[in-house]
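Q: Please take a close look at a single part of this structure. Then show me how the rest is built around that view.

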Amino acid sequence: MKAVHFIDSCSVIFGNTVSSLSTCHSSQDIARSGRFWALLFFILAIVEFSANFLMSFCFGRVSESVIERIRIASYSTLLAQDVEWHHSDGITPATLLSYITTDTNAIAGLTGTIVGTGMSIIISMVAGVILSHIVAWRIAVVLIGCIPILLGAGIMKFRSLATFHRKHAEAYANATGLAVEAVDTIRTIAAYSLEEDAVTTYHEALQAPYSEILRSVLRSNVWFATAYSASSLVYALAYWWGSKNVADGYYSQTRFFIVLPAMLFSAQRCGQLLSMAPDFSKSRISAARILDLLDLRTPYKPPSRQSRQSTGDDLEKDTSDLQDASFPCGAEVRIQDVHFSYPVRPDDSIPRGLDLHIIPGQFCALVGPSGAGKSTIIAMIEKFYAPTSGVVSIDGRDISKLSGTEFRDSISLVQQDNILFEGSIRFNLSLGARPGQIVTDEQLEEACRLADIHETIQSLPEGYDTCIGPNGGHLSEGQKQRLSIARALLRKPRLLLLDESTSALDAQSERSIQDTLDKLRAGITVIAIAHRLYTVERADQIFVIEEGQCTARGTHQQLMRTSETYRTNALRQMLDA
Ligand SMILES: Nc1ncnc2c1ncn2[C@@H]1O[C@H](COP(=O)(O)OP(=O)(O)O)[C@@H](O)[C@H]1O
Ligand SMILES: [Mg+2]
C-alpha cells in the first residue's frame with residue numbers, strides 16, 4: 001500500500017535544514033535551528049500518520065463495499081441468463097468463474113487506497129511544480145521539461161502492459177477451462193488412461209499464444225526500464241543545472257535545496273504513479289468485461305416472501321398463475337406446432353411441428369428412441385429454451401410471454417443426471433422448497449417416504465445431517481435418484497417432470513415410486529420420459545416421439561391395438577431396458 005507524503009512541506013524543511021547545517025553558522029545556531037527543523041519534521045510525521053490512517057480507512061471501506069456489490073451483481077447476472085446463453089459458444093465454467101474472482105480482484109486494484117494514493121501524488125506533483133517555480137523558476141523550468149519524458153515512457157508502458165495482460169488472460173482462461181474439465185471428469189480420464197492426452201491438450205492450450213506473449217513481454221519491458229531510469233536522468237540534470245545556477249549567483253543554497261527535492265520527489269512520485277499502471281490496466285480490462293456482463297440483463301432478483309403474497313397486478317399474473325385454482329388438480333400443458341433448433345445446429349429442427357395436450361392431473365409418458373427430442377420437450381416446458389415458432393403454454397398461458405421465471409415455482413424437474421450439491425441431505429432436500437417456503441422436518445420426512453428413501457437415510461450414522469460429498473458422490477446412483485425425487489416432491493409441485501429419473505433404480509424401487517405417483521395423481525400432472533413397461537402401462541396417455549414429432553398417442557392398450565410403431569419399436573425398447 002502506498003501512502004500520502006507531504007513532499008512540498010518536506011522539501012521546504014529539508015532545504016532549510018541543509019543550509020542551517022552550514023559551517024558558516026555558530027554551533028549554537030546550528031543546534032537551535034536543528035531542534036526547530038526536527039520539531040517541524042516531528043509535527044509533519046503526526047500529520048502524515050493521521051492523514052494516511054484516515055485515507056486508508058475511508059477508501060478501504062468504500063472499496064470493499066463496491067467490490068462486494070460488483071461480485072453480487074455479476075453473479076446474479078450470470079445466474080439470470082437463460083440456459084441457452086450458458087450453452088452458447090465460448091461460455092465455459094472457467095470464464096464465468098473468472099468474472100467473480102479474477103476480474104473483481106483486479107477492479108479492487110483500481111478502487112480504494114490506490115485511488116487515494118494516485119490523487120495524493122497528483123496533488124503533490126502540482127504543488128511541487130508551483131512551489132519550485134516560485135522559489136527558483138530558472139531551475140524549475142528546466143526540470144519540468146523532463147516530466148513529459150517520464151509521462152511518455154509511462155504511457156507506453158501502460159499500453160503495452162494492457163495488451164500483454166489481455167492476451168495472457170485469454171490464454172489462461174482457455175487452459176483453465178480444460179484443466180477444470182479434466183479434474184471434473186477424472187473418472188473418465190482415468191478409465192480411458194487419458195491423463196497424458198489431457199496434459200498434452202493443456203500444454204497446447206498454453207503454447208498457442210506463447211510466442212506472441214514473449215514479444216509482448218519484450219516490448220513492455222523496454223518501456224518499463226525506460227520509465228524507471230528516467231527519474232535518475234532527471235537527478236543528473238538537476239544537480240548539473242542547479243549547481244551551475246547557485247555558482248552563477250542566481251539562487252541561494254537554501255533555494256536550491258528546496259527546489260531539488262520538490263521537483264525530484266515529484267518526478268519520482270510520477271514514476272510511482274506510472275508503476276501502478278499494471279494495476280490500472282488490469283482493472284480497466286476487468287471493468288470492461290464486467291460492464292459487458294452487466295449489460296446483458298438486469299440481475300435476477302429472487303422474489304421475497306412479501307412479493308409472493310402481494311396483490312400487485314403484474315406480479316400476480318406471473319407468480320400465482322400456476323398456483324391459482326383454475327386447475328386444482330395439476331397443471332395443464334399444451335404444446336402447439338412447436339419447432340426448435342439448438343443454436344449450434346440451426347438446420348436441424350427438433351421438435352419439428354410438435355403438438356401435445358396434457359390434461360390436468362394426467363400421468364403421461366413420453367416414449368421413443370434416444371435422440372428423438374424428449375429431453376428437449378421437457379427443457380421447453382421449463383423455458384430453458386424458447387421455441388423458434390409455436391407456443392408452449394401452461395394453464396393456458398404462453399410461457400414465453402411471462403416476464404419472470406416464477407412459473408417454475410410450482411414445477412419440479414428430476415433430471416437423468418441427478419445433480420446434488422456438497423452438503424448434508426437436509427440441505428440438498430431443502431433446495432427443492434419453493435422460494436420463501438420454510439421447510440419442517442415433517443415435510444422432509446414425508447417427501448423422503450414418498451420417494452422411498454426415508455429408511456435409507458435413517459440408517460445412515462448422522463441421518464438427515466449426513467454429508468453426501470461433492471455432487472452426492474457418497475451415495476449410489478439409485479440413492480441419488482431417489483433423493484432427487486424427494487427434493488422434487490418437497491415443493492408439492494403441480495407439474496412434475498421426470499426425465500428418465502427412475503432409470504438407475506431396481507425394479508422394486510421403481511415400482512414403489514410409481515405407486516407413490518399413483519397416490520399423488522389427484523393433485524399433480526406428471527410428464528415422465530420412461531423406458532420401463534411397468535411405468536408406461538400405467539400412464540393415462542402415452543406420446544410416441546420420433547424425430548421431434550409425436551407419431552402416436554393413446555393408452556398402452558390403445559397403442560397396442562392401433563400403433564404398429566409402438567408395438568414394434570417403443571415396446572421392444574422398453575422390454576430391452
Ligand atoms: N445442448 C444441445 N446442443 C445441441 N444439440 C443438442 C443439445 N441437446 C440435445 N441436442 C440434440 O437434440 C436432439 C434431441 O435430443 P434430446 O432431446 O436429448 O433427445 P432424447 O431425450 O429423446 O434422447 C439430439 O439430436 C441431440 O443430439
Ligand atoms: Mg433425453
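A: Start with the contacts of Glu-195. Setting aside neighbours within four places in sequence, Glu-195 touches Ile-189 and Ala-190. The model is predicted. Glu-195 sits in helix 8, which covers residues 195–207. Is Glu-195 buried, exposed or partly exposed? Its relative accessible area is 41%. Buried would need under 20%, and exposed over 50%. Glu-195 is therefore partly exposed. Ala-182 lies 13 residues away from Glu-195 along the chain. The C-alpha atoms of this pair are 8.6 Å apart.

Now turn to a pair of helices. Helix 2 spans residues 27–80, and helix 4 spans residues 93–108. Their axes come within 10 Å and cross at roughly 160°. Angles over 145 degrees count as roughly antiparallel, so helix 2 and helix 4 are roughly antiparallel to each other. Their crossing is right-handed. On the side of helix 2, the contact is made by Ile-67, Ile-70, Arg-71, Ser-74, Tyr-75 and Leu-78. Helix 4 brings Leu-96, Tyr-99, Ile-100, Thr-104, Asn-105, Ile-107 and Ala-108. By class, this contact has nine nonpolar, three polar and one charged residues.

Last, the whole chain. The protein chain has 22 helices and 10 strands. Of its 577 residues, 44% are buried. Take the contacts between residues at least 6 apart in sequence: 77% of these join residues at least 24 apart. The accessible surface of the protein chain is about 30100 Å². Carbon and sulfur atoms account for 60% of that surface.

Notes. Residues are numbered from 1 along each chain as its sequence is written. Chains are lettered from A and ligands numbered from 1 in the order in which they are written. This is a predicted model: local features need pLDDT of at least 70, side-chain atom pairs count only at pLDDT 80 or more; totals for chains, interfaces and linings use all residues. Side-chain values use heavy atoms; hydrogens and water are left out. Helices (H or I, at least four residues) and strands (E, at least two) are DSSP runs, numbered from the N terminus. Buried means under 20% relative accessible area, exposed over 50%, partly exposed in between (1.4 Å probe, protein chains only). Contact means heavy atoms within 4.5 Å. Accessible areas come from the Shrake-Rupley method with a 1.4 Å probe; for residues, only the protein chains shown count as cover. Axes are lines fitted to C-alpha atoms, for helices over the stretch in contact, and angles run from 0 to 180 degrees between N-to-C directions. Angles under 35 degrees count as roughly parallel, over 145 as roughly antiparallel, 65 to 115 as roughly perpendicular and the rest as oblique. A crossing is left-handed if the near helix is turned anticlockwise from the far one by less than a right angle, and right-handed if clockwise. Ala, Val, Leu, Ile, Met, Phe, Trp, Tyr, Cys and Pro count as nonpolar, Asp, Glu, Lys and Arg as charged, and the others, Gly among them, as polar.
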